[in-house]
Amino acid sequence: MNIRKAKESDISRLQCLLHQVCEVHHEGRKDLFKSCGSKYTDEELALLLQDPKRPVFVAVDEKDEVMGYAFCILEEYQDHNIFTDRKTLYLDDLCVEETKRHQKVGKALLNYVLQYAKQEECYEVTLNVWASNESARQFYQSCGFQIQKIGLEQIL
């Protein structure tokens, strides 16, 4: 397995994985998420892959086939009213192909993201997990992540 930055030729595989994520979210919260294909169009993905503040990493097999991805966002707080000055890497989305799960692909991607954040001199790596996605929450907590904040809602 190798982990590298995603490139435009990976877009079709990224779209397949984005569809899997969409279905997980739809199954967990049908009131919020459509059963859909992707949260990005191919054109949006192509632009995103060129943005240095939004790195996308992929785990590939020996044939360079994408097995999983990690979408990230570099955020920086400078002279903010309430936050201390710091750089943060937000892990926006991590997905491993359904047939490749439980083979340490997700752990390898997450470790790569953590190393990248250290190289970028980030203070922390943050992420959000939907309450309905218990397996993702357990995965991140098993990798050392702790609850930072809790979002609440009341449906009217």
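This is a predicted model: local features need pLDDT of at least 70, side-chain atom pairs count only at pLDDT 80 or more; totals for chains, interfaces and linings use all residues.
User: Let's begin with strands. Which strands does β2 pair with, and in what sense?

Analyst: Helices (H or I, at least four residues) and strands (E, at least two) are DSSP runs, numbered from the N terminus. Two strands pair if DSSP finds at least two bridges between them. Here, strand β1 (residues 2–5) and β2 pair in the antiparallel sense over four bridges, and Asn2 stands opposite Val60 in β2. Five bridges join β2 to β3, and these two also run antiparallel; Phe57 stands opposite Ala70 in β3. The hairpin of β2 and β3 has five residues between the strands, and Asp64 takes a positive phi near 65° there.

User: Are the residues of β2 buried or exposed?

Analyst: Buried means under 20% relative accessible area, exposed over 50%, and partly exposed in between (1.4 Å probe, protein chains only). In β2, five of its five residues are buried. Val56, Val58 and Val60 point one way from the strand, and Phe57 and Ala59 point the other way.

User: How many residues make up the largest nonpolar core, and which of them touch the most other members?

Analyst: A nonpolar core is a set of buried Ala, Val, Leu, Ile, Met, Phe, Trp, Tyr and Cys residues joined through side-chain atoms within 4.5 Å. The largest one has 24 residues, and Leu89, Leu91, Leu94, Leu109, Val113 and Tyr140 touch the most other members. At least two residues each come from β2 (56–60), β3 (66–77), β4, α3 (105–119), β5 and α4. Helix α3 gives the largest share, six residues. Apart from this core lies another, of 17 residues, among them Ala6, Leu18, Ala46 and Leu48.

User: What does Leu109 touch?

Analyst: Contact means heavy atoms within 4.5 Å. Not counting residues up to four places away in sequence, Leu109 touches Ile3, Phe57, Val58, Ala59, Gly68, Tyr69, Ala70, Leu94 and Cys95.

User: Now a polar residue. Where does Thr88 lie, and what does its side chain make a polar contact with?

Analyst: A polar contact is a pair of N or O atoms within 3.5 Å; within protein, one must be able to donate a hydrogen and the other to accept it, and residues adjacent in sequence count only if both atoms are side-chain atoms. Thr88 lies in strand β4 (residues 86–96) and is buried, with a relative accessible area of 2%. Its side chain makes a polar contact with the side chain of Glu124 (3.0 Å). Leaving aside neighbours within four places in sequence, Thr88 is in contact with Ile73, Leu74, Glu75, Tyr77, Cys122, Glu124 and Thr126.

User: How many aromatic pairs are there?

Analyst: A pair of aromatic rings is described by the distance of the centres and the angle of the planes. Rings of Phe, Tyr and Trp (its six-membered ring) pair if their centres lie within 6.5 Å; planes under 30 degrees apart count as stacked, over 60 as edge-to-face and the rest as tilted. By this rule there are eight aromatic pairs. One of them, Phe33 with Trp130, is edge-to-face, at 5.1 Å centre to centre and 85° between the planes. This pair links distant parts of the chain, 97 residues apart. Phe33 is partly exposed at 23% relative accessibility, and Trp130 is partly exposed at 38%. Ring pairs also link Tyr40, Tyr69 and Phe71 into a cluster.

User: And the cysteines: which ones form a disulfide?

Analyst: A disulfide is a pair of cysteine sulfur atoms within 2.5 Å. The whole structure holds one, and it joins Cys22 to Cys36 (S to S 2.1 Å). The torsion about the S-S bond is about 100°, so the disulfide is right-handed. Cys22 sits in helix α1 and Cys36 in the loop between α1 and α2, 14 residues apart. Cys22 is buried at 9%, whereas Cys36 is partly exposed at 25%. Cys72 is in no disulfide; the nearest cysteine sulfur, that of Cys122, is 9.4 Å away.

Key. Residues are numbered from 1 along each chain as its sequence is written. Side-chain values use heavy atoms; hydrogens and water are left out.
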